[in-house]
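Please consult both while reading.

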Amino acid sequence: QVQLVESGGGLVQAGGSLRLSCAASGRTFSTYVRGWFRQAPGKEREFVAAINRSGGTTYYADYVKGRFTISEDNAKNTVYLQMESLKPEDTAVYYCGVQLSVHGPFGSWGQGTQVTVSS
């Protein structure tokens, strides 16, 4: 089992940047496919980005492609989400999670970190 803690959220103006961190404890983080998701008020949780076990492949939702970058620091057991050119529609609680089985759902969610983008 892995425990996740997100940090780095905050209030930023449109066009600004933030870097989110997801620190893991328990099992080695890099043994999982790791992902970032977000949930805006009144909406379902949606996929944002993911990175595979080797760190060599990344995946992005179309609505963040070219603006967000997922990366890892295995020495720190941490995954990051660098967010650039933020838009008000990026406002949400951001969660990191791990894929619980091959081709399975994501889980082991952290508590989330709030990102608010003002116009």
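The sections below treat the overall fold, the aromatic residues, and then a few individual positions.

## Overall fold

The model is a predicted one. Its protein chain contains zero helices and eleven strands. Read from the N terminus, the order of elements is therefore β-β-β-β-β-β-β-β-β-β-β.

The radius of gyration is 13 Å, close to the 14 Å given by the globule rule for 119 residues, so the chain is as compact as a globular protein of that length. Along the principal axes, the C-alpha trace extends over about 40 × 25 × 25 Å.

## Burial, surface and contacts

Of the 119 residues, 45% count as buried. The protein chain exposes about 6000 Å², and carbon and sulfur atoms supply 49% of this area.

Contacts across the sequence were also examined. Among those between residues at least 6 apart in sequence, 52% join residues at least 24 apart.

## The aromatic cluster

How many aromatic pairs does the model contain? The count comes to three. One of the pairs joins F37 and F47, with 5.5 Å from centre to centre and 75 degrees between the planes. This pair is edge-to-face, because planes over 60 degrees apart fall into that class. F37 belongs to strand 4 (residues 34–39) and F47 to strand 5 (residues 46–51), so the pair ties together parts that are ten residues apart in sequence. F37 is buried, at 11% relative accessibility, whereas F47 is partly exposed, with a relative accessible area of 26%.

F37 also pairs with F106: the ring centres are 5.1 Å apart and the planes lie at 55 degrees, so this pair is tilted. F106 is located in strand 10 (residues 106–107) and F37 in strand 4, so the pair ties together parts that are 69 residues apart in sequence. Through ring pairs, F37, F47, F106 and W109 are linked into a cluster.

## Arginine charges over rings

Two arginine side chains are placed over aromatic rings. The charged end of R45 sits over the ring of W109, 4.5 Å from the ring centre; W109 is itself a member of the cluster described above. The charged end of R34 sits over the ring of F29, with a distance of 5.7 Å to the centre.

Is R67 buried or exposed? With a relative accessible area of 12%, R67 is buried, because the limit for that class is under 20%. R67 is found in the loop between strand 6 (58–60) and strand 7 (68–73).

The side chain of R67 makes a polar contact of 2.8 Å with the side chain of D90. Leaving aside residues up to four places away in sequence, R67 touches Q82, M83, E84, S85, L86, K87 and D90.

## A92 in strand 9

A92 lies in strand 9 (residues 92–99). Its relative accessibility of 2% places A92 among the buried residues.

Which residues does A92 touch, not counting those up to four places away in sequence? They are R38, Q39, A40, T113, Q114 and V115. For A92 and Q39, which are 53 residues apart along the chain, the C-alpha atoms are separated by 5.2 Å.

## Loop residues with positive phi

Most residues other than glycine have a negative phi. N77 is not a glycine, yet has a positive phi of about 55 degrees. The position of N77 is in the loop between strand 7 and strand 8 (78–83), and this residue is buried, with a relative accessible area of 16%.

S85 likewise has a positive phi, of about 50 degrees, although it is not a glycine. S85 occupies the loop between strand 8 and strand 9. At 39% relative accessibility, S85 counts as partly exposed. S85 is also one of the residues that R67 touches.

Definitions and conventions:
Residues are numbered from 1 along each chain as its sequence is written. This is a predicted model: local features need pLDDT of at least 70, side-chain atom pairs count only at pLDDT 80 or more; totals for chains, interfaces and linings use all residues. Side-chain values use heavy atoms; hydrogens and water are left out. Rings of Phe, Tyr and Trp (its six-membered ring) pair if their centres lie within 6.5 Å; planes under 30 degrees apart count as stacked, over 60 as edge-to-face and the rest as tilted. Helices (H or I, at least four residues) and strands (E, at least two) are DSSP runs, numbered from the N terminus. Buried means under 20% relative accessible area, exposed over 50%, partly exposed in between (1.4 Å probe, protein chains only). A charge sits over a ring if NZ of Lys or CZ of Arg is within 6 Å of the ring centre and within 35 degrees of the ring normal. The radius of gyration is taken over C-alpha atoms; the globule rule is 2.2 Å times the number of residues to the power 0.38. Contact means heavy atoms within 4.5 Å. Accessible areas come from the Shrake-Rupley method with a 1.4 Å probe; for residues, only the protein chains shown count as cover. A polar contact is a pair of N or O atoms within 3.5 Å; within protein, one must be able to donate a hydrogen and the other to accept it, and residues adjacent in sequence count only if both atoms are side-chain atoms.
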